[in-house]
Amino acid sequence: MNEKEKNVQELSEKEQQELLSKFDKESRFRNYAGLFKWIVTIAAISFSGFQLYTAIFGTLASQLQRSIHLTFALALIFLLYPISKKALNNRLPIYDGIIVIVSIFVGLYWTFEYSNLVQRAGMYNNLDFIVGGLAILLVLEATRRVVGLPIVIIAAAFLLYALFGNYMPGFLEHRGVSLERLITHMYFTTDGILGTPLSVSATFIFLFLLFGAFLVKTGVGQYFNDLALLIAGRSVGGPAKVAVFSSALQGTISGSSVANVVTSGSFTIPMMKKTGYSKEFSGGVEAAASTGGQLMPPIMGAAAFLMAEFTGISYWDIAKAALVPALLYFAGIWIMVHLEAKRIGLRGLTKEELPNKKEVLKKLYLLAPLFVIIGLLMAGFSPIRAALFGILSVILVGAIRKETRLSFKDILEALENGARTALGVAAATACAGMIVGVVTLTGLGLKFAGGLIDLSNGVLLLTLFFTMIASIILGMGSPTTANYIITSSMAAPAIILLLSEPGAEVSMAVLLSAHMFAFYFGIVADITPPVALAAFAACGVSKGRPIKTGFIAAKLAIAAFIIPYIFVLSPELFMIDTPLLTGLLLIVTSLVGMIGIGSGVMGYLLCPMNAIERILGAAGGLFLIYPGLVSDGIGIGLLVTVVLLQVMKSKKQNVMKLAS
């Protein structure tokens, strides 16, 4: 990479933390010096140490594992995150110090009273009620600080619904729950705060976030960029394709769309602008590609681990099922940036602008930990074991060369960074656990599913449409994990009811279809206007217009709005028990279909397209993506027609150019 490019990148890196603080609440924290810096560091490293210890030697009893995980998370959140943006400084106020102490007491109450609570078996005393009430308030406030207000409002609305359900109209009505029962259900059972969502955070998710923190310490983020440059940099519109490729790789080690945008976008967006892409298109490409990182196996977003727990399907099976849809998503973006580059006549990068090929190839070993994870999951290892060996492989692989070798200081920093990264997930899952607790306590899930089916009159497509709208609205203010938890608890049952035969056992394909549908639309909310946080973060780098960038990102990510409908209607896309040849044919026809959809969306294939050609191209693409020989035949016929029209138009334009 030449000096000019390095300077661009270095300048962008200085702005990264500022951009993250602006668009990502998790990055808006206090930076201590002196004593409190050491307190935070020791607490964070201890948090990671606890998680590693229980992963190696076996997790504790459910309530203990989850409550200790919550204790660390709450204490660190109140130490690091101020009560408001205006209160952000590098000193700890007295009231936050008191809240930290109360958080530790409430969190460790389960640890010290475990035997008594188990023996009393539902007979709670006044102190239990006080501790449970404090736990609810602390989780809500911690979530507000680190995640945002929308999910807190949703959780509070559910709690009020539990208390006053006897006043609700229609199918939403229930007997109502007493305050005492609500409090004890939320904190002293495994159906509330300490429920399944927090369990997944306290086991799988934390370890994979820690794996990502160790991987980042080896410099793999920059290596992803260099590898992407080497593979795609010289092709037409190379920098945009680099963004797609590097963001897909970055997504394997980061579960945050905004963080992906800022880290990889600080490098790719200036390159795209320099090549000739507009500010908005550059930001849209990065936002769409970074958001899709959570869809890409082997390490998907945190919600994928929740899906494994909720459905009982192994994480490896979920990752395998997600592969073809994820490839289609990124293929769609790749195709559209290629067509846009052809349309406006952009070049690729020159050889001088690319990194040294030999140096990049020498560092291919940095990708080995990802293959270790894949291999272990394929071999049937649990996600916990796979993550543990993945972390160990990062340390061993990093030791191969001096510049990637992790020192003792690097290891401690990785432990601290991993714990910090987990705080938002811990808060979101604890808060969402209360929502799930209300759903189980009141039977709201089945009631809502029945109401959704009645609203759509039992029509599957309408049910899917309403679920999509709900997921996108929820995703505008909630992280993917919380969004998925809510929609999978309330909307997914409706999809499952409509897809399943009455009285028959629910198949893996049906479960995956319903849950993956909610998962996809929870993720694309980050690039769906009017609140498209990933697109807005990209604007911080590109200096483009936010709303326009959001619409371009949504347009580039069109596959994410289409594919979920396809795999619900025809689960063959998941490649479950699909013969090899059938699977290969499916992948090929789907990729060709994405060319048709991409050309229809961008209005360009061999030359500019008119409205009829765009409609035919998009329709042909849809038919090809939908599995089936008849649909493939129709799709090929439509695309061949479009290609012939484009060839004739292109020849005519060339003749006119020569004549002039």
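**View 1. A charge over a ring: R420 and F29.** In this predicted model, R420 sits over the face of F29, 5.1 Å from the ring centre. Such a charge is counted if NZ of Lys or CZ of Arg is within 6 Å of the ring centre and within 35 degrees of the ring normal. Local features need pLDDT of at least 70 and side-chain atom pairs count only at pLDDT 80 or more, while totals for chains, interfaces and linings use all residues.

**View 2. The aromatic pair of Y109 and F188.** There are 28 aromatic pairs in the structure. Rings of Phe, Tyr and Trp (its six-membered ring) pair if their centres lie within 6.5 Å; planes under 30 degrees apart count as stacked, over 60 as edge-to-face and the rest as tilted. Y109 belongs to helix α4 (residues 94-120) and F188 to the loop between α7 (179-187) and α8 (196-217), so this pair links distant parts of the chain, 79 residues apart. Helices are DSSP runs (H or I, at least four residues), numbered from the N terminus. Y109 counts as buried because its relative accessibility is 5%, and F188 is buried at 6%. Buried means under 20% relative accessible area, exposed over 50%, partly exposed in between (1.4 Å probe, protein chains only).

**View 3. Y484 meets F519.** This edge-to-face pair has 6.5 Å centre to centre and 90 degrees between the planes. Y484 lies in helix α21 (residues 480-490) and F519 in helix α23 (residues 508-524), so the pair ties together parts 35 residues apart in sequence. Both Y484 and F519 are buried.

**View 4. Y187 in the largest nonpolar core.** This core has 204 residues, of which Y187, I193, M516 and F519 touch the most other members. A nonpolar core is a set of buried Ala, Val, Leu, Ile, Met, Phe, Trp, Tyr and Cys residues joined through side-chain atoms within 4.5 Å. Helix α18 (residues 408-442) gives the most to it, with 18 residues.

**View 5. N125 in its loop.** N125 is found between α4 and α5 (126-146) and counts as partly exposed because its relative accessibility is 33%. Its side chain reaches the backbone nitrogen of L127 at 3.1 Å and that of D128 at 2.8 Å.

Notes: Residues numbered from 1 in each chain as written. Heavy atoms only, no water. Helix = DSSP H or I, 4+ residues; strand = E, 2+ residues; numbered from the N terminus. Polar contact = N/O pair within 3.5 Å; in protein donor to acceptor, adjacent residues only side chain to side chain.
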